[in-house]
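The sequence and structure are shown first.

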Amino acid sequence: MLEEIEKIEKETVSPDFADAAALEQFRLTYLSSKGRIQVLMDAFKNLPGVEKKAVGKPLNALKSRLEEVFRVFKEKFSADSGSAQTFDTTLPINASHFGSSHPLKIVENALCDIFYSLGFDIADGPEIEDDRHNFGALNFAEDHPARDMQDTFFIGNHVLRTHTSSVQIREMEKRTPPIRLVMPGRVYRNEAISARSNCFFHQIEGLYIDKDVSFADLKQTLYYFVQQFFGEGTQVRFRSSYFPFTEPSAEMDIWAGTDTEEKRRLTKGTGWLEVLGCGMVHPNVLKACNIDPEVYQGYAFGMGIDRITMLKYGISDIRDLFHNDIRLLSQFSGV
Ligand code: DAH
């Protein structure tokens, strides 16, 4: 055994390794569970006591030395590979590799944030709806033209929702007042496609149901929203209107201006852009959702996200929002 110890001593007298693979070879040869040191250790156990004395010391010394050699070189190689991976933190980042949020999503998020800050929660609902949620519970008469094939895409006896007002119904069925929600989503209408209108677009529905809610609260909230989103001093026009699910009903226009081609096109030359419909929730709608109109009132509104986005970013054709053209989308990275 002493011979074998000496032999190993000689072989490993001045250890050096070209790379980590060579070091690993060393470990396998000498230090692994089947390596030459272990073979010696196993044999050592069976030696008679007197011989143990002579062999034990040099064997242990050899083992410790080889382990130390391994440890030192291992450290060296892992430090080397570490330095190969370090990178220059002063190099500029390559921003062209970042994706971007879609402009519609950027605007939707900004609108939701404003209402969230006013205490509105956020909800959503299905795009494929039944007649009750899209029309019936919203007080549309059986023969209302909106149910017509002209406007609505039908799927069997379901419809692609024509507005996000359907989500109002779903939420009122589920919750008890006070209810304060905004509900963003995609809606579909069977319309001729042009620069100004598409067969699908996006809305944010708003709903506030409580005791003692008035039309003044509605106006105040919407005015606040306009100043927050479009800026202090933005001019607003409130016009009376008609929707089956609100009474009284109104529409709101904001002054976009006529100074650019996009604005003139978007506002049909008037400078005014209609951004939303709104009103006090009709008692029949509350009743359809088991809310007592004698106790609760509320207001609702629904605004078009696509138009607001076009105005905000000077996009003159609504179809440009859906071509997924990288040249348009990349302008929004980091927004
Ligand atoms: N659903 C209407 C539309 O798509 C917009 C609307 C009007 C929503 C009045 C409302 C509302 O909640 O109260 O044209």
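## Strand 6

Strand 6 is mostly covered, with 11 of its 11 residues buried. Buried means under 20% relative accessible area, with exposed over 50% and partly exposed in between (1.4 Å probe, protein chains only); strands (E, at least two residues) and helices (H or I, at least four) are DSSP runs numbered from the N terminus. Phe 200, His 202, Ile 204, Gly 206, Tyr 208 and Asp 210 point one way from the strand, while Phe 201, Gln 203, Glu 205, Leu 207 and Ile 209 point the other way.

The model is predicted: local features need pLDDT of at least 70, side-chain atom pairs count only at pLDDT 80 or more, and totals for chains, interfaces and linings use all residues. Residues are numbered from 1 along each chain as its sequence is written, and side-chain values use heavy atoms, leaving out hydrogens and water.

## Strand pairing

Two strands pair if DSSP finds at least two bridges between them. Strand 5 (residues 179-188) runs antiparallel to strand 6 and is joined to it by 10 bridges; Arg 180 has Tyr 208 as its bridge partner. Strand 10 also pairs with strand 6 in the antiparallel sense, over 8 bridges, and Gln 203 is partnered there by Gly 304.

## Nonpolar cores

A nonpolar core is a set of buried Ala, Val, Leu, Ile, Met, Phe, Trp, Tyr and Cys residues joined through side-chain atoms within 4.5 Å. The largest has 40 residues, and Met 303 is one of those with the most contacts inside it. Helix 5 (103-117) and strand 6 (200-210) are among the elements that each supply at least two residues, and helix 5 gives the most, with 7.

Met 303 touches residues including His 202, Gln 203 and Ile 204, not counting residues up to four places away in sequence; contact means heavy atoms within 4.5 Å.
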